[in-house]
Amino acid sequence: MNGPAEMLAADKASTALGIAPIELRDGYALLRMTVVENMINGHGIAHGGYVFLLADTAFACACNRAGSVTVAATAEIDFIKPVHEGDELVAEAVERTRFGRSGIYDITVRRGTEIVAEFRGRSRTLRA
């Protein structure tokens, strides 16, 4: 497995949604995504699945390193504020700890300086 930049470039789901890296390094990722019309639900706000997907992609970029394949074991999200069409979201993923083949990551999703969601993911590195 190559590093997070190569993994993200090969991620058809994330790239189709316009998710793009701002900064990637071991244990850290900063990604952005603009909310477009087809991401809006029946309440006129962004479908939570898209916000989750952005956070999950940042999580994947933060927990994968060159030479390893790491996947989500569990993840949860708290939606704090509604997101609207045209909003540019930024997801910042930070490694909290790695132990054995497991890790814990916190991801904050912001619109400007305003926090719109908090995500926590637990990772598991697969054996080769």
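## Salt bridges

The count of salt bridges comes to ten, in a model that is predicted rather than determined by experiment. Side chains of opposite charge can pair when their charged atoms come close. One of the pairs is Arg110 with Glu92, whose closest N and O atoms are 3.3 Å apart. Arg110 lies in strand S5 and Glu92 in strand S4, so this pair ties together parts that are 18 residues apart in sequence. Arg110 counts as partly exposed, at 26% relative accessibility, and Glu92 is also partly exposed, at 23%.

A salt bridge also joins the side chains of Arg120 and Asp106, with an N to O distance of 2.6 Å. Here the link runs between distant parts of the chain, from Arg120 in strand S6 to Asp106 in strand S5, 14 residues apart. Arg120 is partly exposed, with a relative accessible area of 28%. Asp106 has a relative accessible area of 18%; the limit for a buried residue is under 20%, so Asp106 is classed as buried.

Arg98 is partly exposed, its relative accessible area being 32%. Glu95 is likewise partly exposed, with a value of 24%.

## Fold and dimensions

The chain has three helices and six strands. Read from the N terminus, these elements follow the order α-α-β-β-α-β-β-β-β. The radius of gyration is 14 Å, close to the 14 Å that the globule rule gives for 128 residues, so the chain is as compact as a globular protein of that length. The C-alpha trace spans about 45 × 25 × 25 Å along its principal axes.

Of the contacts with a separation of 6 or more, 62% are between residues 24 or more positions apart. Buried residues make up 38% of the 128 residues in the chain.

## Nonpolar core

The largest nonpolar core contains 27 residues. Leu31, Val51, Leu54, Val83, Leu89, Ile107 and Val109 are those with the most contacts inside this core. At least two core residues come from each of the following elements: strand S2 (28-34), helix H3 (48-63), strand S4 (88-99), strand S5 (102-111) and strand S6 (114-125). Helix H3 gives the largest share, eight residues.

Ile107 can be followed through its contacts. Leaving aside residues up to four places away in sequence, Ile107 touches Ala55, Ala58, Phe59, Ala91, Glu92, Ala93, Ala117, Glu118 and Phe119. Among these neighbours is Glu92, the salt-bridge partner of Arg110.

## Surface

The accessible surface of the chain comes to about 6700 Å². Carbon and sulfur atoms account for 52% of that area.

Val69, Val71 and Leu126 make a nonpolar surface patch of about 210 Å². Val69 sits in the loop between H3 and strand S3 (70-79). With a relative accessible area of 37%, Val69 is partly exposed.

Notes. Residues numbered from 1 in each chain as written. Predicted model: local features only at pLDDT ≥ 70, side-chain atom pairs only at ≥ 80, totals over all residues. Heavy atoms only, no water. Core = buried A, V, L, I, M, F, W, Y, C linked by side-chain atoms within 4.5 Å. Buried < 20%, exposed > 50% of the residue type's maximum accessible area, 1.4 Å probe, protein only. Helix = DSSP H or I, 4+ residues; strand = E, 2+ residues; numbered from the N terminus. Contact = heavy atoms within 4.5 Å. Patch = residues over 30% accessible without salt bridge, like charges linked within 9 Å, V, L, I, M, F, W, Y side chains within 5 Å. Areas by Shrake-Rupley, 256 points an atom, 1.4 Å probe, with all protein chains shown as cover. Salt bridge = Lys/Arg side-chain N within 4 Å of Asp/Glu carboxyl O. Rg over C-alpha atoms; globule rule 2.2 N^0.38 Å.
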